[in-house]
Amino acid sequence: MCAVQAQSPVSLEALLSKRPLLISGPCSAETPDQVIETALRLKATGKIDLLRAGIWKPRTKPGLFEGVGKKGLPWLQEARSQTGLPVMVEVATAKQVEEALAHQIDLLWIGARTTVNPFSVQEVADALRGVSIPVFIKNPINPDLELWAGAVERVERVGIKQIGLIHRGFSTFGQTPYRNAPLWHLAIEMKLRFPTLLFINDPSHICGRRDLLAEVMQRAIDLDMDGLMIESHIRPDQAWSDAAQQVTPEELSLMLERLIWRNDDSHSVDYHSALEQLRQQINQLDEEVLQLLGRRMQVAEQIARYKKENNITILQAGRWQEIMQRTLARAEELKLGREFITHYLDALHMESISHQQKILDNKTPGIDSAVGG
Ligand code: PEP
Ligand code: MN
């Protein structure tokens, strides 16, 4: 289809030291025209350093678009020759690595559904033995830093020198506005564990919807990430995968212009990162406590329905005494003050009774409850 124009490794190395490093392209390569037009329009923004596109798409459920496969690789070569932008694809198997290398793809990344599986990571790593190519590793779907670190070690051991990390959020229990909860404290911990590796944020897969992108991009910059990978499509709503989270190249350009890039001061960055890490841990724990309290009230409501059906009173003193005794004993073991826990239990009990009372009164339980005992 086109003449292959290999990039010199020197320029790629120089490019990877640029800050911020900005990567963009469609979630999936769909047609030659879509790939080339996206590439040209991204290049025209003057802001993008590397072009990404999914060729093989690992999908959580069968029946979804699984990528165009290797026939898309020459489209990327053509996009590179028309824009001069190095190209990057996701690989999940040895065969995909071979095909990408045979088409002189400049960089590879390992996706979140691959990082979770050490067999797959090892297969990809083995196919890369003796090859000189930068490899980016996305965090695994589940919030497990050991798996992520393990993937880095496997890729390092086969001799890959340029490794980057991509933070794309984690699948967690409970409701969040994000497709994948960012769990920033984990990203920061990983960054501190591998301080010499490039650390890129992928707001597209964190957000899952374009209206949240700007906020997450800003957060990533404030946390001193080295760059961003953002999905872009010439007709986002018609994209064959991840339609809701993609933006046009021009929209992306505007979003990048609106970001506030703070001055780099590496001394204070270390300090802020440590403090920020602790604050993020607190935020995450508070979120989990709230979610658990919400679930606890739902169970109390189920109990109320049962009591209603069986004509049992809400307050059963014996049961509450038992909860008090058990919680106070456990609190002592956890070094939580008796007075604090007594206040907490009182408040919990009142809220629980209020939820139960509303079930008995046929009202919807809510935060305005003020019923006492
Ligand atoms: C992608 O980058 O399009 C992708 C599939 O991402 P992830 O592996 O983060 O889900
Ligand atoms: Mn995608």
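A: Asp 242 is found in the loop between β8 and α11. Helices (DSSP H or I, at least four residues) and strands (DSSP E, at least two) are numbered from the N terminus. The backbone of Asp 242 stands out: phi is positive, at about 50°, although Asp 242 is not a glycine.

This is a predicted model: local features need pLDDT of at least 70 and side-chain atom pairs 80 or more, while totals for chains, interfaces and linings use all residues. Residues count from 1 along each chain as written, chains are lettered from A and ligands numbered from 1 in written order, and side-chain values use heavy atoms, without hydrogens or water.

The manganese ion, ligand 2, has four residues named as its donors: Cys 27 through SG, His 205 through NE2, Glu 231 through OE and Asp 242 through OD. Their distances run from 2.1 to 2.4 Å. Donors here are N, O and S atoms within 2.8 Å of the metal (3.2 Å for Na, K and Ca); water is not among the atoms, so sites may look incomplete. Along the chain, the donors follow the spacing C-x177-H-x25-E-x10-D. Glu 231 and Asp 242 are 11 residues apart. Glu 231 belongs to strand β8, residues 227–231. Asp 242 sits in the loop that leads on to α11, residues 249–258.

Now turn to ligand 1. The residues around ligand 1 (a heavy atom within 4 Å) include two manganese donors, Cys 27 and His 205. Glu 231 is another metal donor, and Glu 231 also belongs to the shell of ligand 1. By class, the shell has 7 charged, 3 nonpolar and 2 polar residues. Asp, Glu, Lys and Arg count as charged; Ala, Val, Leu, Ile, Met, Phe, Trp, Tyr, Cys and Pro as nonpolar; the others, Gly among them, as polar.

Glu 231 brings a polar side-chain atom to 3.1 Å from a ligand oxygen. For the side chain of His 205, the distance to an oxygen of ligand 1 is 3.2 Å. Alone, ligand 1 would expose 290 Å² (Shrake-Rupley method, 1.4 Å probe), and the protein buries 97% of that.

Key. Polar contact = N/O pair within 3.5 Å; in protein donor to acceptor, adjacent residues only side chain to side chain.
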